[in-house]
Amino acid sequence: MERRKGRKDSGKDLLFQRFAKESLAPCAGERLQGHVLSFSDELYLCPLPDLTGLKVLRAGLDLGTVKKERFEPSHALALFLAESDVLQSINLPADSSDIAGYLHGESISCDPSLSGWVLVLVDHYSIGWGKASGGVLKNHYPKGLRKQY
């Protein structure tokens with residue numbers, strides 16, 4: 001496995017900052033301390049002051065990926081965040097048919113007022129991301145974790 005040297009990338013950092021402003025509550029900043037490092041298209045939150053000259057396997061918390069000039073948050077970030085850390089969330093009861101659909105990879109219905117990245121929770125525990133538009137929450141649960149029925 002190739003180890004890549006992390007570097008600061010202000011353009012990608014700005015995409016994450018825009019996502020944070022649109023999707024995260026101000027209190028989330030207290031938990032997300034450190035600086036953002038870029039490894040190819042992946043962004044990491046590094047709690048250490050400087051990694052120059054060091055070879056590291058993982059620089060910190062995987063924040064997400066920059067794809068086509070937009071930021072897509074990672075599953076690791078969703079699991080790290082609490083309900084109070086985001087501006088938009090949808091909380092599903094554990095026995096809901098919607099949660100079964102979500103874990104299977106299907107889109108689910110949501111409040112039409114929701115728009116953009118939404119943290120999906122089950123009984124107030126975060127499990128992943130969805131992207132809301134027009135009353136539909138498009139699934140962003142990792143394909144490798146989806147349940148096959």
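Which helix does Lys 12 lie in? Lys 12 lies in helix H1.

## Basis of the model

The structure is a predicted model, in which local features need pLDDT of at least 70 and side-chain atom pairs count only at pLDDT 80 or more, while totals for chains, interfaces and linings use all residues. Residues are numbered from 1 along each chain as its sequence is written, and side-chain values use heavy atoms, with hydrogens and water left out.

## Overall architecture

The protein chain contains 4 helices and 9 strands, where helices (H or I, at least four residues) and strands (E, at least two) are DSSP runs numbered from the N terminus. Along the sequence these elements follow the pattern α-α-β-β-β-β-α-β-α-β-β-β-β.

A compact globule of 149 residues would have a radius of gyration near 15 Å, and the 16 Å of the protein chain agrees with this; the radius is taken over C-alpha atoms, and the globule rule is 2.2 Å times the number of residues to the power 0.38. Along the principal axes, the C-alpha atoms fill a box of roughly 50 × 35 × 30 Å. Of the 149 residues, 43% are buried (buried means under 20% relative accessible area, exposed over 50%, partly exposed in between, with a 1.4 Å probe and protein chains only). Among contacts (heavy atoms within 4.5 Å) with a separation of 6 or more, 57% join residues 24 or more positions apart.

## The nonpolar cores

The largest nonpolar core has 22 residues, of which Phe 16, Phe 19, Leu 24, Leu 63, Phe 71, Leu 77 and Trp 129 touch the most other members. Such a core is a set of buried Ala, Val, Leu, Ile, Met, Phe, Trp, Tyr and Cys residues joined through side-chain atoms within 4.5 Å. Helix H1 (10–23), strand S2 (42–46), strand S3 (61–67), helix H3 (75–80) and strand S7 (116–122) each supply at least two of its residues. The largest share, 4 residues, comes from H1.

Leaving aside neighbours within four places in sequence, Leu 24 is in contact with Phe 19, Leu 32, Leu 81, Asp 85, Val 86 and Leu 87. A second, separate core of 14 residues includes Leu 92, Tyr 102, Cys 110 and Leu 137.

## Helix H4

In helix H4 (residues 97–104), the buried residues are Ile 99, Gly 101 and Tyr 102. Seen down the helix axis, they fall within an arc of 160 degrees, so they line one face of H4; the arc is that of the directions from the helix axis to the C-beta atoms. These buried residues pack against strand S5 (89–92), strand S6 (108–109), S7, strand S8 (125–133) and strand S9 (136–139).

At the start of H4, a side-chain oxygen of Ser 96 reaches to within 3.0 Å of the backbone nitrogen of Asp 98. Just after the helix, Gly 105 takes a positive phi of about 110 degrees.

Lys 12 counts as buried, at 15% relative accessibility. A polar atom of the Lys 12 side chain lies 2.4 Å from the backbone oxygen of Ser 40. Apart from neighbours within four places in sequence, Lys 12 is in contact with Ser 38, Ser 40, Asp 41, Leu 43 and Val 66.

Pro 26 lies in the loop between H1 and helix H2 (28–31) and is exposed, with a relative accessible area of 77%. Pro 26 and Ser 84 are 58 residues apart in sequence and 9.5 Å apart in space, C-alpha to C-alpha.

Notes: A polar contact is a pair of N or O atoms within 3.5 Å; within protein, one must be able to donate a hydrogen and the other to accept it, and residues adjacent in sequence count only if both atoms are side-chain atoms.
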